[in-house]
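These are my notebook entries on a first reading of this structure. I set down what I looked up, entry by entry.

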Amino acid sequence: MRFIFKTSYDQDIVLAKHGGHVFWYSVLGLFLLAAPWIFGEYWLAQLTFVLIYSIVGLGLMLLAGYTGLPSIGHGAFLGVGAYTQAVLSNAGWPFPLSMAAAALITALVGAIVGLPALRVRGLYLAVATLAFGFIVQEAFARWESVTGGNAGISVMAPHIMGWKLASPVAFYFLCLVLTVASTLLIVNLLRTPTGRAFVAIRDSEISAQSMGINLAHFKTLAFSISAALTGLAGALYAHKLQFISPEQFDIVMSIDLLLMAIIGGLGSVHGAFLGAIFLISMPQMIALAKDYLPQALAQANGLQAVIYGLVVIAFIMFEPLGIYGRWVKVRTYLQTVPLYRKGTFTRQKTFQKSDRLK
Amino acid sequence: MSDVLLSARDLSVSFGGLVAVNKVSFQVQRGEVFTLIGPNGAGKTTVFNLISRFYKPTSGEIDYAGESLIRKAAHEIAALGIARTFQNIELFENATVLANLLVGRHIRRGIGFWRSALFTGRARAGEIGARAKVEEVIDLLELQHHRDSLVAGLPYGVRKVVELARALCMEPKLLLLDEPSSGLNVEETDDMAFWIQDIKNELGITVLMVEHDMALVSRVSDRVLAMNQGEVLAMGSPQEVQAHPAVIEAYLGAVEDVALLRRSVS
Amino acid sequence: MQVAQLILSGVAQGCIYGLVALGFVLIYKATETVSFAQGEFMMLGAFCGLALIVGLGFPFWLALLGSTAAVALLGIALERIVIRPVLGQPVFAIFMLTLGLGYVLRGLITMVPYWGIETHALPVPYKGQVWNLAGLHMSAEQGVVIAVTAGLCALLYVMFRYSRIGIAMQAASQNQLAAYYMGIPVKSLNGLVWGLAAAVAAVAGMLLAPMTFIHANMGYIGLKAFPAAIVGGFTSLPGAIVGGVTIGVVESLSGFYLPVGFKDIAAYIVVLIMLMIRPNGLFGEKLRKKV
Amino acid sequence: MRTHLFNNCLSSMRWSLIALLAVGASMAQAQVQGITDTEIVIGAVLDLSGPLAIAGGPQRDGMIFATEEINNAGGIHGRKIRLILEDSGYDTKKGILITQKLLSQDKVFALVNTFGSAIVQATQPVAIEHGIPFLFPSAASNITYLPFHPLKFGLFATSNDHMRVVVDYAYGKLGKRRFGILYQDDETGQSALRAAEDQLKAHGLTLVERTSYKRGDTNFSAQVSRLKAANADIVVVGHSIREGASVAIETKAHGWPVDMMVPWGTVNAVITLGGPAVEGLYGATQFAVQPQTTAFKAFNERFKARFGHGGIQDYGTYGYTAMMLFAEGAKNAGRNLTPQSLSQGLEKIKNFKTTIEGPLITYGPGNHASPADAYIMQVRAGRWVQIAGPIAYENMAK
């Protein structure tokens, strides 16, 4: 068990709460910096995807996890970012500019999609974002003059003043830098009034209002930030895949992103990363597992979907706080053993919160 | 004391034909504790919701410190210095007590999105300032050892106090308390009474409250307004109002509330 | 004439949406959760019927009953095993849970060698017949869909109106806690509701199968049932059907008169408009939280 | 920023290294990716679980069957083929990721028959960049061999070619003049549409109606109403299997007896699904399962014995031919097998034909094009019957 004696308010404000944090995060940092020389090309690519999805995860975490506004439309946000990036960088924009544009445009779209959130919430909002997702995907397919329609467009490597980040390693570091930046943005928001306003809205709109929180403003803000991050991730995604087409940003993508946040652990920044790691590594694990499974089972097509589904169900049933929630418990256990009290984490059953009542 | 802080004139609101509040007028003096009593469904909470602008009055006026509240949006009320608590607690369940109280400082945050995002020096300073203020309230209401615990895990009594604390963190001029003692046991009710007096005397905050527990009411209130079915029955000192025939009649009308009138129920 | 023809086929398609939406509404009214798995229940219903007809040589109507019953049981079982333990968690979490359920069900079907990934036609007695009423062509499939849907609605209405269990369900859907205090076994009722919703979905599957085909992904039609349910107001049973039919007709008309592509997003445009102007839908009730 | 530059040049070194491996000519045999003394590793990205699994399944069987035949016959210059089959689910993203895995994890020597236009479009550049041959992808568009690259070879007839053949046939042999088209709303469908319009222009005609559907659509009545309202005398359904049958059924439901054609996808599934409604449906295919030569009959018996269900068909024949074609090229390349020697080996192929009836396949330096000819088939008495071909479309331009 670790006891921390607080002597100044700063200790609650700084990000690294104690030496342990400092140590482990430095280790992680060094590992990430060394990764290109540790991993082969393939695994580096996977790691890059993890970073990209983490950025989406952060955005989704802010929206669904902290502000309590579910979205089944983030696939479309990813698409908006990806297409903006593809079009602009193919048009010769240097990548810092085009990525900023991607984030900005997606943020604007996000603000628009946020409009229903000012009137409806919960399920209704989810369906609204779902509908929006379909419409945007259709727009990608129809607006051929810009998006190349269903044919899709290939994306050239990010470039600035003639210098191309063609190599996977260079691109990996680009993703790393942007991921770190996005993370800092989120944690900063969360330890300041803005972040607390989001949480307030999530837990009780009515009293948030009586605290002087302008719902319209902060909901729109949440949507914009979330969309901006997703758009930025989309820009990276476009470069990573080098080819984008409308059907990549469909409902399935949106759902995957949402599940990523859920599995990672809604309402925790770590969750965004853990979820991304899960989303990327799960298919790999299944691929590996296939070698040990009986042929008939291994060859079956649905296997992946089944395992995926089961994992989701298991998490929501037994670990609503996601991977991070589980980790916290394990850690506490290790710290407190042998003093660990059984039922430290048992949640008291609450009555079903009505979603119809606004 | 002729200094009016809040005044309602001919306040009426009806939901689909049902008249919840009907031509209610009253004035709250600066620095007093003004209490609304009455049987369930008398429209007391509705009056609160009218003041916090959750509802829009069908007719009538509410003036606060000289300006009309009618034209304000719900989230603009707080900035005027009006804080409130809720009948069935409305805390931010999945946040720590500390976080809840810090939300109370929202109107005084003084930094926008970008300063927050970059956590500039001013943001840090703001945080420390807010924290200092919050700690004062924590000391006042003796919440020290709940500081870092999640609201969801706290017993009802403590939540009630946390909600009061959150309201105080707003440094309001007018504090609306909706049934501060409901669900509290005798000791807790006693503390509550003590704190309400402190809030009035030490902090100089005007209190407008809805309360059933007549013991508490008579102990802290300067003036009482009795309502029934959306209408004003009587107004005056606690004793006068309790003695008022119309009031007694109204309570006898609703049997279970007679109990509330006679003894304080937890 | 042309318009009438389009509307007719729109209605037929809309009934399918409506039936799936009906499942959403039933579950939502009772448990305030949304089952994303409705589409998959529909798919299972179709496959189950196929198995009964092709495999065991059942006659169609018997197979219809059989698969409906089977899927209903599955629904009840799933509610007991998966949903009940998590009631009380945020609605949203349960929504995601049913999403996972959908993955599993779809995956399990596709895991059936050959059978699972192939597309099948459901042999039905009325296959290929075309009725010609006053110049309007209506395939028997469409006719049956409309007829059965109507019948089903009547049945549900009677049940909710008169049978004790129906009334109990209504009570529970109004206020779970109160109903519980009144001695209504809310939990087992929830189970029944899930069974009922699954059954309705199964029927929808059996009706849709002859018009389209049976395949693992046919459940995606459930995505269009969401708009249907919203348009009808998520808390109204008749609303679900009306919403479904509305969507169906709008689709059919936009498919004919509007340029390519609009047919596919018509449903979503409609629902967005509805959310903007009337969030509670055509028949939804408006409730206000008491503070 | 310095680190960026550093990594940049470092990894550009890695790239040139890969390039060298690929060029391989100067290098020792062992260093060619996917080649050992005993083995040639081949990757294939198919749709085994997605909407076109209906085609992917047979393709897989065809490829496996061919591979087994080759290996049982002693392999290629003493090397057995190891075939790694992956499932893209017809999902572009998944396809790209799997291809990257095959290239950099499984270290395949070549990719044979990547399925799906979008996926091909996305993965072809990656493979070529790695210096990995990208052979015979199932993409009905000429990107499979254009722009020319030594490592790209086409086999799958382009939607344009087949659509043109079909249109010509309907115009010339069936005397159709009022063409309506119902195309799938994706790239392949749209390019088929363009091809149809183009070929009709050559005959001085235009489409009387064009309408589309989304993959997985269930209700076609609006589209059929449109075509009927336009009074088309033939409906061409662009790029579909399941939907082809649905549309046929829908026309019957509208009491509209109109001739229909599908430019490809003459699989038995269409018949089992459509039943009597698809009787008389015309279709085009690249490899015919008739005439039932004795050689073919024997072949098909072996196939049945191996995979059970009803013998080889349309897409199966394609998968089979693709693998055999690769083997032929590898044989020509000789023992020293590198991407370059394979490319040259394939270019040596003249008038190649397997046990299965099909157009004679010929490649040459600078010519890696897919064969354009097609067989015209028709559903008669519940089975596909070959009624003409192999024929190529008459290019009015020249």
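**Entry 1: a helix on the sheet of chain B**

I began with helix α6 of chain B, residues 186–201, which lies across β3, β7 (174–178) and β8 of chain B. I noted that α6(B) runs at about 150 degrees to β8(B). The model is a predicted one, and I read every value below with that in mind.

**Entry 2: the sheet itself**

I then looked up the sheet to which these strands belong. Six strands of chain B form an open sheet of mixed pairing, in the order β6-β7-β8-β3-β9-β10. I asked which strands stand at its edges. They are β6 (82–84) and β10 (231–236) of chain B; each has a single partner strand, so one side of each is left without a neighbour in the sheet. Direction ignored, neighbouring strands of this sheet are turned against each other by 15 degrees on average.

I followed one pairing in detail. Strand β3 of chain B (residues 33–37) and strand β8 of chain B (residues 206–210) run parallel and are joined by four bridges. Within this pairing I located F34(B), whose bridge partner in β8(B) is L208(B).

**Entry 3: chain B as a whole**

I recorded 10 helices and 10 strands in chain B. Its radius of gyration is 19 Å, close to the 18 Å that the globule rule gives for 266 residues, so chain B is as compact as a globular protein of that length. Along the principal axes, the C-alpha atoms of chain B fill a box of roughly 60 × 40 × 40 Å. I found that 46% of the 266 residues of chain B count as buried. Of the contacts in chain B between residues at least 6 apart in sequence, 66% join residues at least 24 apart.

**Entry 4: chain C as a whole**

From the N terminus on, the elements of chain C run α-α-α-α-β-β-α-α-α-α-α-α-α. The radius of gyration of chain C is 19 Å, close to the 19 Å that the globule rule gives for 291 residues, so this chain is as compact as a globular protein of that length. I noted a box of roughly 55 × 45 × 35 Å for the C-alpha atoms of chain C, taken along the principal axes. Of its 291 residues, 62% count as buried. Residues 24 or more positions apart account for 74% of the contacts in chain C with a separation of 6 or more.

**Entry 5: where chain C meets chain A**

I looked up how many residues take part in this contact. On the side of chain C there are 48, in contact with 45 residues of chain A. In chain C, α4 (91–111), α7 (176–181), α9 (222–232) and α11 (262–277) each supply at least two residues of the side that touches chain A. The largest share of that side, 16 residues, comes from α4(C). I counted its residues by kind as 35 nonpolar, eight polar and five charged.

**Entry 6: the largest nonpolar core**

Last, I examined the largest nonpolar core, which has 424 residues. The members that touch the most others are L232(A), A165(B), A46(C) and V271(C). Helix α8 of chain C (residues 186–211) gives the most to this core, with 19 residues. I then asked which residues A165(B) is in contact with, leaving aside its neighbours within four places in sequence. They are L101(B), V137(B), I138(B), L141(B) and L143(B).

Conventions:
Residues are numbered from 1 along each chain as its sequence is written. Chains are lettered from A and ligands numbered from 1 in the order in which they are written. This is a predicted model: local features need pLDDT of at least 70, side-chain atom pairs count only at pLDDT 80 or more; totals for chains, interfaces and linings use all residues. The radius of gyration is taken over C-alpha atoms; the globule rule is 2.2 Å times the number of residues to the power 0.38. A residue is buried if 20 or more other C-beta atoms lie within 10 Å of its own, exposed if 12 or fewer, and partly exposed in between; C-beta atoms are placed from the backbone. Two residues are in contact if their C-beta atoms, placed from the backbone, lie within 7 Å. Two strands pair if DSSP finds at least two bridges between them. Axes are lines fitted to C-alpha atoms, for helices over the stretch in contact, and angles run from 0 to 180 degrees between N-to-C directions. Ala, Val, Leu, Ile, Met, Phe, Trp, Tyr, Cys and Pro count as nonpolar, Asp, Glu, Lys and Arg as charged, and the others, Gly among them, as polar. A nonpolar core is a set of buried Ala, Val, Leu, Ile, Met, Phe, Trp, Tyr and Cys residues joined through C-beta atoms within 7 Å.
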